[in-house]
Amino acid sequence: MTLTIPELSLVALVGVSGSGKSTFARRLFKPTEILSSDTCRGLVSDDENSQPATKDAFELLHFIARKRLAAGKLTVVDATNVQPESRKPLVQLAREFHCLPVAIVLDVPESIAHARNKARPDREFGPHVIRQQASQLHRSLRRLQREGFRKVHVLRSLEEIEAAVIERQPLWNNLRHEHGPFDIIGDVHGCYDELVELLQQLGYSVGEASGMSPTDAPEPTAPRTGTTCVLRGPEGRKLIFLGDLVDRGPRVPQVLKLVMGAVASGTALCVPGNHDMKLMRKLRGSNVQITHGLAESLEQLAEEPEAFQEQVADFLDGLISHYVLDDGRLVVAHAGMKESMQGRGSSAVRDFALYGETTGETDEFDRPIRYNWAAEYRGSATVVYGHTPVPEPEWLNRTINIDTGCVFGGRLTALRYPENELVSVPARQTYAEPRRPFLEPAEQAPGLSAQQEHDDVLDLADVTGKRLINTRLHASVTVREENATAALEVMSRFAVNPKWLLYLPPTMSPCGTSQLDGLLEHPAEAFAYYRHEGVPRVICEEKHMGSRAVVIVCRDEAAARQRFGIMEEGFGVCYTRTGRRFFDDEPKETEFLSRVRDAINVAGFWDEFQTDWVCLDCELMPWSAKAQALLTEQYAPVGTAAKAMLAHATDLLEQTGTRGLDVEELLARTSARRSMATDYVSAYQRYCWPVTSVNDLKLAPFHLLATEGRVHTDKSHEWHMHTLARLAGGILMATPFRIVDITDPQSEVDATRWWEELTATGGEGMVVKPLDFVARGKRGLIQPAVKCRGREYLRIIYGPEYTAPENLDRLRSRGLNRKRSLALREFALGLEALERFTRREPLRRVHECVFGVLALESEPVDPRL
Amino acid sequence: MLLTLTTTHRPATDLGYLLRKNPARAQSFNLSFGRAHVFYPEAGEERCTAALLVEVDPVGLVRNRRGPAGEGGLLDQYVNDRPYAASSFLSVAIADVFGTAMSGACKERPELAQHPIPLRVVLPAVPSRGGTDLLHRLWEPLGYEVHATRLPLDEQFPDWGESGFHRLELETTQPLHQVLSHLYVLIPVLDNDKHYWVGDEEVAKLMRHGEGWLSTHPERAAITRRYLKHQRGLVNDALAQLADDAGTDPDETAGLKAAEEAALEYSVETLPQSIPATPPEGSPKEQEPTPEERAPSLNEQRLGSVLAVLKGSGATSVVDLGCGEGKLLRALLKERQFTRILGMDVSHHSLETAADRLHLDRMPPKQKARIGLLHGSLMYRDARLTGFDGASVVEVIEHLDPPRLASFERVLFEFARPGTVVVTTPNREYNVKWETLPAGKFRHRDHRFEWTRAEFQTWANAVAERFGYRVRFLPVGPEDAAVGAPTQMGIFERQAT
């Protein structure tokens with residue numbers, strides 16, 4: 001005997017003690033699907049038969065059931081369930097989670113149950129218990145359907161129980177295996193001519209069996225009977241109608257014929273709209289109010305044969321509330337579908353699909369105020385819907401309403417999926433007057449999209465707590481709660497407007513530690529690292545000693561508003577690696593950004609990259625421009641104190657020496673310290689110069705991170721260097737670099753010599769990167785870059801006296817693993833933020849990533865690395 | 001770091017006996033953080049100079065430090081003035097190497113040890129957080145002639161100004177042990193930092209080494225506060241002990257205590273409330289108290305006014321946005337009218353302090369049920385902030401970047417939407433009344449703006465209009481006919497829709 005049950009259901013086993021429910025469940029369901037009341041009794045009381053534990057046991061059982069059903073998991077409740085009051089909460093649970101309650105009754109003779117219980121030493125109850133349960137069970141049998149169980153299977157003998165097999169049926173709305181591509185069409189409302197025109201634009205050929213092109217046909221008097229629309233679509237494409245085919249418009253029967261034919265032939269799917277359902281009820285004889293354009297439908301259908309009306313009623317009656325398509329990536333429904341209801345079945349789900357959600361209040365036109373479920377939507381599936389006419393279809397949190405009010409004189413719109421292109425045709429006339437004017441622009445700030453409007457304020461729940469962020473590069477990155485806590489403060493107090501923050505740079509690890517005399521870092525370790533990861537060629541870029549800066553420049557303020565939703569905050573921004581505005585002084589920032597924009601104008605990037613904005617990863621010099629406080633509060637004072645104290649000590653020791661005392665060793669050490677202090681001061685002085693105007697700044701861009709629609713991580717670093725070199729001039733400078741073949745020792749020698757030259761004159765050193773922006777090695781993603789810093793530069797990192805042999809030896813023991821792991825995770829998050837931004841995902845999705853970078857930065861890592 | 005002691009007492013070489021270090025040879029001593037060397041650049045009848053050179057192991061300083069990461073301040077850094085500047089390390093070295101001398105004992109010259117002798121002390125690099133002035137104020141009352149020369153920060157960049165270091169020369173005629181005690185106490189006071197954890201035993205040390213001079217020193221409050229690293233509990237203990245010591249008028253002492261506490265509380269509450277885990281570029285180190293701090297009643301008046309408004313509004317549930325360390329929360333808790341009190345702050349650190357101060361862990365359950373603390377931000381919409389009758393935003397908005405105010409407005413007035421909102425912010429016009437506040441400067445380094453009354457009222461009226469509130473304004477603090485009160489308050493009442 002095959003028992004069919006919906007794939008997502010709450011299955012209540014019903015049977016007396018000893019009827020074999022647990023054995024039955026074990027045979028037919030996964031162990032994790034079964035929630036047994038006895039097990040729960042055991043969990044809360046250590047005794048599976050404890051009757052006093054019943055209440056707690058069922059609370060636990062219901063708790064687990066809720067978690068499973070929320071996650072969309074079939075759940076079997078193994079309890080006697082012979083009393084209506086024990087079944088009632090199960091039906092309620094199923095309703096709450098919009099899945100179907102199913103009862104499977106195991107009706108075995110009392111004697112068998114009694115014998116089984118007697119055979120078990122732990123069951124001490126007498127035969128009267130079984131008798132009472134059995135009588136409750138038999139009284140229940142007829143009531144199960146009424147109680148709300150959508151399917152009831154009764155197994156009346158041991159044989160039936162043993163022979164039973166379960167067949168899990170997909171829900172009607174589950175079309176995950178359909179991958180499209182689809183053309184999804186909004187509310188048609190009888191606008192047949194516009195529909196045909198739209199279909200033709202989409203590449204479908206539409207004809208009537210009579211051979212006459214429908215668009216040529218005289219209008220409402222066209223033959224109404226006996227014609228069938230023939231629809232042939234572009235290869236592999238499928239139509240989806242979002243409902244409300246009928247009412248208000250001029251050619252309701254033609255629309256119905258076309259859609260019914262297309263659905264029957266498998267060229268189209270259709271979900272029902274509220275108008276369609278009302279028409280269906282009227283056709284079925286219900287007493288409904290003839291309002292909102294139903295009269296037109298009825299009038300037009302009256303001229304069709306009765307059989308057709310019957311067909312229409314059957315067709316509409318058979319429509320499924322919503323569909324889940326393309327492996328769950330696409331959901332279509334007339335009025336939308338919130339995440340917790342997608343792919344579920346209940347009358348609440350159907351109501352949501354037909355009417356959406358309302359707040360329970362009404363507006364000044366006496367229409368129910370719709371609850372904006374899309375604003376809170378956080379699902380991963382794209383939801384395409386209609387129902388409420390809007391002047392422009394706009395994406396909001398991966399949902400889009402494409403009802404552009406054709407019948408009200410607007411347009412008929414289709415969304416091509418997965419291309420996400422909108423195609424629409426204008427209405428030929430206004431067929432009906434809307435009760436609420438919909439063509440007037442909604443109350444929005446001028447020039448902002450619905451998504452930008454929505455994104456104006458981010459929600460705390462989207463950033464705090466422990467988070468797992470899925471990235472394209474590096475699987476998922478975990479952000480720990482305490483780190484998010486730290487990031488919240490920095491982000492809130494110091495960061496620029498989050499609308500500007502589409503990237504934060506990752507930390508960079510140094511190369512492995514050199515064992516060469518007097519050195520902590522040397523290029524050999526950098527080359528070896530990449531060679532061991534299987535990378536043949538690397539690029540060495542001069543490392544500028546300034547401050548990391550991300551620069552975003554738009555063509556103009558209008559572009560900033562249009563693309564970033566930024567109002568009155570200029571046409572660009574320059575921020576630090578923690579997201580803080582670089583310039584405190586607004587005119588200076590504007591002047592600086594103008595220089596960058598001028599360079600981009602001259603280089604012709606706007607046209608070349610078809611973009612209105614550019615995001616650059618740069619180094620901004622001098623170091624003193626941003627690090628002034630650090631310099632005057634830490635670096636310079638250390639030099640001052642060191643020089644004053646060591647000079648005095650050297651003098652005193654020399655004086656002591658002349659008295660004939662043995663202070664030679666101390667004197668030698670102290671004068672060595674004195675010269676290291678002097679070297680230290682020269683080291684930081686090289687990176688400082690006074691800045692009186694923007695002219696004194698230098699900007700060295702080294703990554704052209706992104707432009708409209710593109711994240712340029714598919715290009716090599718050589719491309720980035722050459723492309724950005726075209727911006728050089730004025731305050732912008734090109735970065736010297738060289739390509740090194742690390743399988744060729746001579747090439748390495750040359751590059752090492754170059755590094756030695758750079759660092760001998762006090763340069764910070766160089767950054768070594770694999771030639772590809774994103775490089776993978778033996779164990780996945782490898783370091784996107786490692787830095788190789790010069791001996792003198794490192795004095796300002798490891799202190800003036802780090803080169804003293806006794807210090808250097810100890811400093812050589814430093815662990816790089818944490819730093820490298822962090823660098824990879826931040827790299828993945830940074831690029832993910834850019835990807836999401838260029839794909840026009842909601843701001844919270846971009847912000848989640850940059851917030852993640854900032855949070856990871858609060859992980860304790862040796863700051864010297 | 002380096003210290004020299006020179007005497008012209010005759011015979012000057014007696015200095016060797018007093019210090020118990022033979023002028024005829026150089027000696028070295030191991031210390032927990034490095035080595036100390038004592039040598040005599042000159043040792044004649046007329047003049048004798050002893051030098052104490054302390055070598056701090058710069059790598060060990062960072063690597064051997066115990067305690068949580070990020071809480072060591074400069075001790076986390078290799079680029080560190082500690083090996084060079086006079087600091088608590090030097091005090092420890094003095095106590096270690098010249099311990100006997102400091103106790104006033106001397107086997108060979110017991111009388112000389114107690115006898116005033118001419119002494120000259122040179123410290124080539126002394127940090128003085130408090131400027132040249134502080135050096136004079138600390139040393140002169142103790143009978144020293146002070147020669148202090150400020151060291152330039154960097155000769156190549158004269159516009160960076162002068163450093164916080166001085167070359168300090170002190171001349172006096174006093175018993176050596178007294179001078180050593182003064183150095184021991186005052187070096188860390190000048191530096192305003194300690195390399196080790198300051199605990200109860202530090203009070204005893206201060207009493208011992210300060211005996212006979214600290215209780216009458218005009219700067220005793222500042223010395224005590226800085227010596228005990230600003231730990232309020234310890235400071236009060238010490239000040240109480242000092243009062244007994246000097247037998248001063250109890251009223252004066254009470255006044256002193258109150259002023260101390262107010263200044264401290266103020267610095268805790270409104271100066272940098274928290275150190276972000278990722279320090280922002282150029283985060284401030286320490287700040288000199290602003291004039292406002294010395295008018296402790298203003299903060300009290302402000303909180304009192306906020307409390308009055310909230311009580312008057314009839315609110316039973318209130319949220320204090322930017323509650324800091326919970327001073328207003330404590331006042332709210334005392335009012336039985338408020339049955340649900342929530343404190344929110346963006347600084348996790350402040351909230352921990354608030355929990356401490358409120359004794360949240362020891363609060364009776366009934367009381368505890370009334371109050372909650374929440375880590376959150378005014379930059380993000382937060383469902384947890386909805387449903388309150390009243391909200392206070394005390395001295396918070398001026399810490400927000402002007403472009404971010406728009407988010408704050410929506411988060412508070414559109415989404416949280418409390419019935420009554422009390423906003424306070426400085427009145428910039430009043431700043432001219434603070435004599436020591438340079439013109440055009442803000443009262444606090446983290447202030448992103450300070451508004452005139454007209455600016456605040458324009459903003460508040462626009463916000464009220466946009467979000468359906470009615471607003472009225474209240475001055476807080478002493479009102480001046482021309483420039484108004486130091487603090488301005490806007491009271492927003494939600495209008496029925």
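## Two helices of chain B

In this predicted model, helix α7 (residues 176-191) of chain B packs against helix α9 (residues 220-227) of chain B at an angle of about 80°, their axes 8 Å apart. That makes α7(B) roughly perpendicular to α9(B) (a term for angles of 65 to 115 degrees). Val185(B), Pro188(B) and Val189(B) of α7(B) meet Ile223(B), Arg226(B) and Tyr227(B) of α9(B); residues are in contact if their C-beta atoms, placed from the backbone, lie within 7 Å. By class, five of these residues are nonpolar, none polar and one charged.

Residues are numbered from 1 along each chain as its sequence is written, and chains are lettered from A in the order in which they are written. Local features need pLDDT of at least 70, and side-chain atom pairs count only at pLDDT 80 or more, while totals for chains, interfaces and linings use all residues.

## Nonpolar cores

The largest nonpolar core has 256 residues. A core joins buried nonpolar residues through C-beta atoms within 7 Å, where buried means 20 or more other C-beta atoms within 10 Å. Helix α22 (residues 623-658) of chain A gives the largest share, 15 residues.

Val768(A) is among the core residues with the most contacts inside it. Beyond four places in sequence, the contacts of Val768(A) include Cys511(A), Pro523(A) and Val786(A).

## Where the chains meet

In all, 60 residues of chain B are in contact with 63 residues of chain A. On the chain B side, β3(B) gives the most, with five residues. This side divides into 31 nonpolar, 16 polar and 13 charged residues.

Conventions. Axes are lines fitted to C-alpha atoms, for helices over the stretch in contact, and angles run from 0 to 180 degrees between N-to-C directions. Helices (H or I, at least four residues) and strands (E, at least two) are DSSP runs, numbered from the N terminus. Angles under 35 degrees count as roughly parallel, over 145 as roughly antiparallel, 65 to 115 as roughly perpendicular and the rest as oblique. Two residues are in contact if their C-beta atoms, placed from the backbone, lie within 7 Å. Ala, Val, Leu, Ile, Met, Phe, Trp, Tyr, Cys and Pro count as nonpolar, Asp, Glu, Lys and Arg as charged, and the others, Gly among them, as polar. A residue is buried if 20 or more other C-beta atoms lie within 10 Å of its own, exposed if 12 or fewer, and partly exposed in between; C-beta atoms are placed from the backbone.
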